[in-house]
Amino acid sequence: MSSPSSTKPTAAELDLLQVLWRLGPADAKAVHEALLPDRPDATYATVLRQLQVMHGKGLLSRDESQRPQRYAPIHAQDKLQQSLMKDFISKAFAGSGKALVLAALKSHVSAKERAEIRQLLAGKGDEA
């Protein structure tokens with residue numbers, strides 16, 4: 001089994017992974033139907049092909065013992081997210097988690113979220 005960082009999913013593959021993490025193991029039809037609200041242009045054939053490619057890349061497992069075949073993510077959502085975040089911080093922020101957080105706080109955090117972050121830091125400040 002490959003590590004979460006060995007094969008990086010594309011944006012379209014991340015969309016399918018999000019669906020599969022939410023649904024659990026599913027066939028292509030179920031994935032296609034769950035994807036339609038966010039990607040109404042997605043065809044069944046395209047979704048099936050993407051699932052097959054993702055299986056080939058080692059991002060998904062495929063249960064061939066039943067028909068239709070069911071696909072499931074190889075890696076847990078949090079493990080893949082951590083791996084992608086580590087790579088992103090390394091490439092975009094010269095390895096500095098602090099730089100990432102400061103950039104996010106400047107433009108992507110609401111006042112309510114800032115208050116929640118302050119509470120979290122106050123309660124865990126001495127554990128970090």
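**Terms and their grounds**

Guide: Six residues form the hairpin that joins β1 to β2. The model is a predicted one, in which local features need pLDDT of at least 70 and side-chain atom pairs pLDDT 80 or more, while totals for chains, interfaces and linings use all residues. Residues are numbered from 1 along each chain as its sequence is written, and side-chain values use heavy atoms, without hydrogens and water.

Visitor: How do you know that β1 and β2 pair?

Guide: Pairing requires at least two bridges found by DSSP between two strands. β1 (residues 60–63) and β2 (residues 70–73) have four bridges, in the antiparallel sense, so they count as paired. Leu60, for example, has Pro73 of β2 as its bridge partner. The strands themselves are DSSP runs of E with at least two residues, and helices are runs of H or I with at least four, numbered from the N terminus.

Visitor: What makes α1 and α3 roughly perpendicular?

Guide: The axes of α1 (residues 11–23) and α3 (residues 44–57) cross at roughly 90° and come within 11 Å. Axes are lines fitted to C-alpha atoms, for helices over the stretch in contact, and angles run from 0 to 180 degrees between N-to-C directions. Angles of 65 to 115 degrees count as roughly perpendicular, those under 35 as roughly parallel, those over 145 as roughly antiparallel and the rest as oblique. The two helices are therefore roughly perpendicular. Among the residues that meet are Leu16 and Leu20 in α1 and Val47 and Met54 in α3, where contact means heavy atoms within 4.5 Å.

Visitor: Which term applies to α1 and α2?

Guide: Their axes are 10 Å apart at an angle of about 105°, and α1 and α2 are therefore roughly perpendicular. Leu16, Val19 and Leu20 of α1 are among the residues that make the contact, as are Val31 and Leu35 of α2. By class, this contact has eight nonpolar, no polar and two charged residues. Nonpolar covers Ala, Val, Leu, Ile, Met, Phe, Trp, Tyr, Cys and Pro; charged covers Asp, Glu, Lys and Arg; the others, Gly among them, are polar.

Visitor: Why is α1 described by another term against α4?

Guide: α1 and α4 (residues 77–92) cross at roughly 150°, their axes coming within 11 Å. That value makes α1 roughly antiparallel to α4. Trp21 of α1 and Leu84 of α4 are included in the contact, which has five nonpolar, three polar and no charged residues.

Visitor: What lines the largest pocket?

Guide: The lining consists of Leu100, Val101, Ala104, Leu105, Arg114, Ile117, Arg118 and Leu121. α5 (97–107) and α6 (111–124) are the elements that each give two or more residues to it. A pocket is an open set of points on a 1 Å grid over the protein atoms alone, where a 1.4 Å probe fits and protein lies on both sides within 12 Å along at least five of seven lines; lining residues have an atom within 4 Å of a point. Six of the lining residues are nonpolar, none polar and two charged.
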